[in-house]
Amino acid sequence: MKKLIAILALGVAVLGFTDATLAADSPAAAGSAAAQAAPAATAATAPAAAASAAAAPTPNKGDVAWMIVATAFVIMMSIPGLALFYGGLVRSKNMLSVLMQVFVTFSMIVVLWCVYGYSLAFTEGNAFLGKFVGGFDRLFMQGLFDPVKGEFAMAATFSKGVVIPELLFLAFQATFAAITCCLIVGAFAERMKFSAVLLFMGLWFTFSYVPMAHMVWFWTGPDAFKTAADVATETAKAGLIWQWGALDFAGGTVVHINAAMAGLVGAFMVGKRVGYGKEPFTPHSLTLTMVGAALLWMGWFGFNAGSALEANNTAVLAFVNTFSATAAAVLAWCIGETLAKGKASMLGAASGAVAGLVAITPACGNVGLMGAIVIGFVAGFACLWGVTGLKKMLRVDDSLDVFGVHGVGGIVGALLTGVFHAQSLGGPGMVPDWTTAAMATNPDGIGAQVWIQLKAVLVTIVWSGVVSLAAYKVVDLTLGLRVAEDAEREGLDITSHGETAYHN
């Protein structure tokens, strides 16, 4: 535990250094903003609406239809996808406890997102805190729908003059927030109190997920960049990491590294399971795990391709890259297992699929076709090491390898996005200047972009680590983190919920 605190303290110092270097080496400081196909800022944060309602852009029905489908796909990722994937990996006496933790966490975060999370993540903040968190313009979803006039507010996409209903953007982003919190469950599975899980999730969502979403994804939208004079003004309103020019298409930092750090801290804070290292902790149903992994893969197309916010070419690129990178990671994990153990396993194949999905998340709309396959292969091998070698080095009981897969995979994907975004390597490039929205490789070169990506990773690690440590401590002092030893031995299904997943 002392080592963990020391690492986080060192990270705080690094964070201070990276913020100080912002003016010196970021594209935003040079008067440009990086393009990244990640959720855009809402139109509500732009200047006052045009005087003529007839001049306002109208959403395309194809874009709206696609975003509704993509949102539903991401819901499927969590319930049932992630729930079954995690559920199959635990012992049968804890199956329902994992399903409950995922199901109820998802539901709670959706409500919190609608009440205040969306407003704090995707509206413009004040001059002092605006780089880290938004304001209260959309508190309780106010302003999204006028029932008297029958009018809906519109949200910006990544194309000038193209919008979608802001209410739909809110729903899409709600699924991201919810599944991120659900991912953390795997790190402390089989031993944490249900009430403690929910309290922690509420705290961590408020102080880690929401600020990270704002820092990485908030900006005032492409239509705000009309002239060269607008670049510095509008960029200054964006989140801190967006200002740096970091590329994160669908959540490598916000979702995966963020959740992985919360899981790693939780595994240390809650402690190892009773009998860990002495008793077998084998998955009770790899069949359900495989079904869950397949649903995750399917739903991830909505997660990644939906982050284009339009039914366009970028969505197609993200779709195909998600497809191929995941397949490459499955093969890499199986090859690694065969070389190490002589056999490839179903658990390994399913884990490899998740590793590929995680790594391609920040890259899917930002890299070329072969770059995606390379990222998938690298992630497969890297995450296999993450759940074997790294886990042993850390001496932590991360029950379902949240950090080994989501942390390692997220870091790999974030850094390699900085490499393979380059047009010389087949990538689509980025947008150095939103007044023209023309695509190009980072003008400062690949190395500069990788450094920006690394800074974003470090900020995420430190921010989530510190918030998680504080949130777990609050929960421990109020509710207590862990169930009693006899309850853990009997199983959380019966002791926490009075049910069993299976009846003989």
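## Largest cavity

H3 gives the largest share of the lining of the largest cavity, four residues. Helices here are DSSP runs (H or I, at least four residues), numbered from the N terminus. This is a predicted model: local features need pLDDT of at least 70, side-chain atom pairs count only at pLDDT 80 or more, and totals for chains, interfaces and linings use all residues. Residues are numbered from 1 along each chain as its sequence is written, and side-chain values use heavy atoms, without hydrogens and water.

A cavity is a set of points on a 1 Å grid over the protein atoms alone where a 1.4 Å probe fits but cannot get out; lining residues have an atom within 4 Å of a point. Volume is the space filled by probe spheres set on the points. The largest cavity holds about 70 Å³. Its lining has 13 residues, with Ile 179, Leu 183, Leu 296, Trp 300 and His 406 closest to the centre. By class, 11 are nonpolar, two polar and none charged (Asp, Glu, Lys and Arg count as charged; Ala, Val, Leu, Ile, Met, Phe, Trp, Tyr, Cys and Pro as nonpolar; the others as polar).

## Second largest cavity

This cavity has a volume of about 50 Å³. H13 (369-394) and H14 (402-420) each supply at least two lining residues. H13 gives the most, four. The lining divides into five nonpolar, two polar and three charged residues. Lys 391, Asp 398 and Asp 401 are among them.

## Aromatic cluster

Trp 113, Tyr 116, Tyr 118, Phe 122, Phe 169, Phe 205 and Tyr 209 form one aromatic cluster.

Technical notes
Rings of Phe, Tyr and Trp (its six-membered ring) pair if their centres lie within 6.5 Å; planes under 30 degrees apart count as stacked, over 60 as edge-to-face and the rest as tilted. On a 1 Å grid over the protein atoms alone, a cavity is a set of points where a 1.4 Å probe fits but cannot get out, and a pocket is an open set with protein on both sides within 12 Å along at least five of seven lines; lining residues have an atom within 4 Å of a point.
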